[in-house]
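The structure comes first, then the notes.

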Amino acid sequence: MSSYAVILAAGRGSRLGQPQPKQYLSVGGMPILRRTVEVFTRHPEIDHVQLVIHPDDAADYRQAVAGLSLRAAVFGGDSRQESVFNGLMNLNAEAADLVMIHDAARPFVSPATISAALAALRDQPALDGVVAAIPLTDTLKRVEDGLISETVPRADLWRAQTPQLFRFGAIVAAHRAAVGAQFTDDAAVAEAAGLKIGIVPDSAANFKITTMDELERARQICVPGSAASIASTMAVTFAPRTGLGFDVHRFGPGDAVTLCGVSVPCAYGLIGHSDADVALHAVTDALLGALGAGDIGDHFPPSDPQWRGAASDIFLRHAVALATQQEAVLQHVDLTLICEIPKIAPHRQAMRDNLARLLALPHHAVSVKATTTEGLGFTGRKEGIAAQAIVTVQRPIA
Ligand code: MG
């Protein structure tokens with residue numbers, strides 16, 4: 001799926017009282033706009049970046065993004081909504097599947113949030129969009145004539161931020177229908193069109209710089225060498241990491257084996273502490289290898305009775321969660337099953353489907369293969385099944 005980012009930088013930022021619009025102000029020696037844009041241009045899952053700017057800022061803009069690979073900027077309109085519309089219209093001739101809309105004044109957007117939003121739309125075909133949001137923790141008061149009239153229940157209340165990710169055709173249609181109306185974000189435009197919009201939990205670190213206090217906070221975060229600076233996305237560059245996994249399980253009594261979570265009829269079962277899914281164990285070890293996070297036995301000791309008979313997708317889900325913690329983005333998996341029996345080919349597509357689902361990867365990034373060993377060795381003697389896997393991720397390096 002092709003993924004475009006539209007970054008909104010057409011606002012005037014009047015609340016800061018600075019001569020320059022806020023997105024061109026410098027934070028830690030770099031314009032806010034450039035910090036924001038670089039998070040997207042460096043993200044391995046974002047294909048193209050489209051800026052929407054104000055005509056008065058053309059010179060500032062050229063200076064701020066010098067050397068970055070971007071689509072030619074378009075000019076915004078009189079409102080945020082019009083500016084988004086102009087950006088979307090400029091992409092209309094492209095084969096965009098997904099479009100992520102983001103405010104230039106949020107330079108601390110995390111690559112993991114971007115990945116999580118993309119994974120959510122890949123995983124959930126029924127959703128038209130997702131919004132980065134934070135559950136409300138403050139208590140809300142309604143105030144009338146200077147006095148509190150009501151405490152508003154906060155359960156189910158979220159603060160919507162950006163990025164907001166949508167299926168391209170759906171959000172274009174929603175924006176067309178909303179021309180002339182006044183909405184404060186794109187989710188509201190989508191909701192008005194009856195689209196199904198989900199939530200991706202975001203971090204408060206992805207704050208919008210609109211006041212002097214927030215500008216000061218951003219500058220403190222970006223003091224070189226500070227802990228906050230190291231933790232912020234400013235220094236993030238992705239590098240590829242590859243991990244190799246290998247596993248073997250022995251045949252025993254039974255009439256089916258579980259491979260990639262798929263039950264496959266067989267003259268034997270596989271013996272193991274868990275469900276003995278040799279394929280998922282190899283993939284899990286490969287992913288842990290790519291993350292430099294030890295092996296499956298470190299995380300799930302075979303001596304621990306709670307994993308007896310466990311479905312092995314919990315091991316893989318754990319490794320995927322570790323990847324998310326490291327802000328690593330899964331890129332690809334290639335799995336080879338080595339066995340004389342059962343025949344893998346009739347079940348290969350189901351295995352691939354399940355692996356793609358568990359890893360939140362598109363099908364083209366998931367490969368399942370099988371081979372025999374020509375009757376040689378333990379697999380040739382039908383004593384068991386071996387599996388090897390190789391997993392590639394992109395992970396942030398300082
Ligand atoms: Mg194993």
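## Domain interface

Across the interface of domain 1 and domain 2 there is 1 residue pair in polar contact, both residues at pLDDT 80 or more; a polar contact is a pair of N or O atoms within 3.5 Å, where within protein one must be able to donate a hydrogen and the other to accept it, and residues adjacent in sequence count only if both atoms are side-chain atoms. The count of salt bridges between the two domains is 0 (a side-chain nitrogen of Lys or Arg within 4 Å of a carboxyl oxygen of Asp or Glu).

In contact across the interface (heavy atoms within 4.5 Å) are 12 residues of domain 1 and 11 residues of domain 2.

## Model and domain layout

This is a predicted model: local features need pLDDT of at least 70, side-chain atom pairs count only at pLDDT 80 or more, and totals for chains, interfaces and linings use all residues. Residues are numbered from 1 along each chain as its sequence is written, and side-chain values use heavy atoms, with hydrogens and water left out.

Domain 1 spans 3–235 and domain 2 spans 238–397, with bounds from an automatic or database domain assignment. Their centres, taken over C-alpha atoms, are 38 Å apart.

## Magnesium site

The magnesium ion has as protein donors Asp-247 (OD), His-249 (NE2) and His-281 (ND1), at 2.1 to 2.2 Å. Donors here are N, O and S atoms within 2.8 Å of the metal (3.2 Å for Na, K and Ca); water is not among the atoms, so sites may look incomplete. The sequence spacing of the donor residues is D-x1-H-x31-H.
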